[in-house]
Amino acid sequence: MPDITAPKILMDHGLKVTPQRTLLLEALMSLDEHPSCEVIMKFMRFRYPNISLATIYNTLKLFKEKGIIKQIVAGNEEIRFDPIQKNHHHIYYRDTDKLEDFEDKELDKILKNYFSKKPVQGFKIEDITIQLTGHSEVTKTQTKTKQK
Ligand SMILES: [Zn+2]
């Protein structure tokens with residue numbers, strides 16, 4: 001269970017709490033691995049057949065505008081949604097289409113440091129996120145773990 005509830009997030013972002021918004025945000029928070037629009041639609045239509053696709057779509061758009069969710073473009077150029085507020089990076093597995101969160105405080109520090117020394121002219125950086133694209137190395141990792 002997330003320690004922060006959907007209605008609280010909606011209120012914190014100056015939105016009126018409606019059942020549809022709450023249900024959609026809860027769905028986004030419960031669907032792991034950054035769901036695509038299609039996954040969200042399927043999930044919502046299955047659970048709540050009375051909510052129209054247009055409502056879901058418009059609510060997603062609203063959440064995005066309010067900064068409740070972030071849009072990420074995965075390596076296959078598909079748009080995924082991320083309800084996590086905290087700044088973090090991503091790892092994209094091309095073989096499994098999995099988009100995982102990735103945090104590295106040291107990397108954040110290096111990036112911040114770099115751009116404070118070498119600012120991009122005429123541009124104010126608000127957020128630096130990196131997406132690593134690659135594929136899983138299942139056998140190698142498993143062998144390594146076994147040796148330990
Ligand atoms: Zn994420």
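**Close-up views of a predicted model**

Of the 148 residues of the protein, 16% count as buried. The model is predicted.

**View 1. Overall fold.** The protein holds 6 helices and 5 strands. Their order along the sequence is α-α-α-α-β-β-β-β-α-β-α. The C-alpha trace spans about 50 × 45 × 30 Å along its principal axes. Among contacts with a separation of 6 or more, 48% come from residues 24 or more positions apart.

**View 2. The largest nonpolar core.** This core has 14 residues. Leu 25 and Leu 28 touch the most other members. At least two core residues come from each of α1 (6-12), α2 (19-30), α3 (37-47) and α4 (53-66). In soluble globular proteins, nonpolar side chains tend to be buried together.

**View 3. Contacts of Leu 25.** Neighbours within four places in sequence are left aside here. Leu 25 is then in contact with Ala 6, Ile 9, Leu 10, Phe 63 and Ile 68.

**View 4. The two faces of strand β3.** Side chains alternate along β3 (residues 89-93). His 90 and Tyr 92 point to one face and are buried.

**View 5. The β3–β4 hairpin.** Strands β3 and β4 (residues 98-102) run antiparallel, joined by 5 bridges. Tyr 93 has Lys 98 as its bridge partner in β4. The hairpin has 4 residues between the strands, and Asp 97 takes a positive phi near 65°.

**View 6. Pairing of β3 with β5.** Strand β5 (residues 131-134) runs parallel to β3, with 4 bridges joining them.

Terms used
Residues are numbered from 1 along each chain as its sequence is written. This is a predicted model: local features need pLDDT of at least 70, side-chain atom pairs count only at pLDDT 80 or more; totals for chains, interfaces and linings use all residues. A residue is buried if 20 or more other C-beta atoms lie within 10 Å of its own, exposed if 12 or fewer, and partly exposed in between; C-beta atoms are placed from the backbone. Two strands pair if DSSP finds at least two bridges between them. A nonpolar core is a set of buried Ala, Val, Leu, Ile, Met, Phe, Trp, Tyr and Cys residues joined through C-beta atoms within 7 Å. Two residues are in contact if their C-beta atoms, placed from the backbone, lie within 7 Å.
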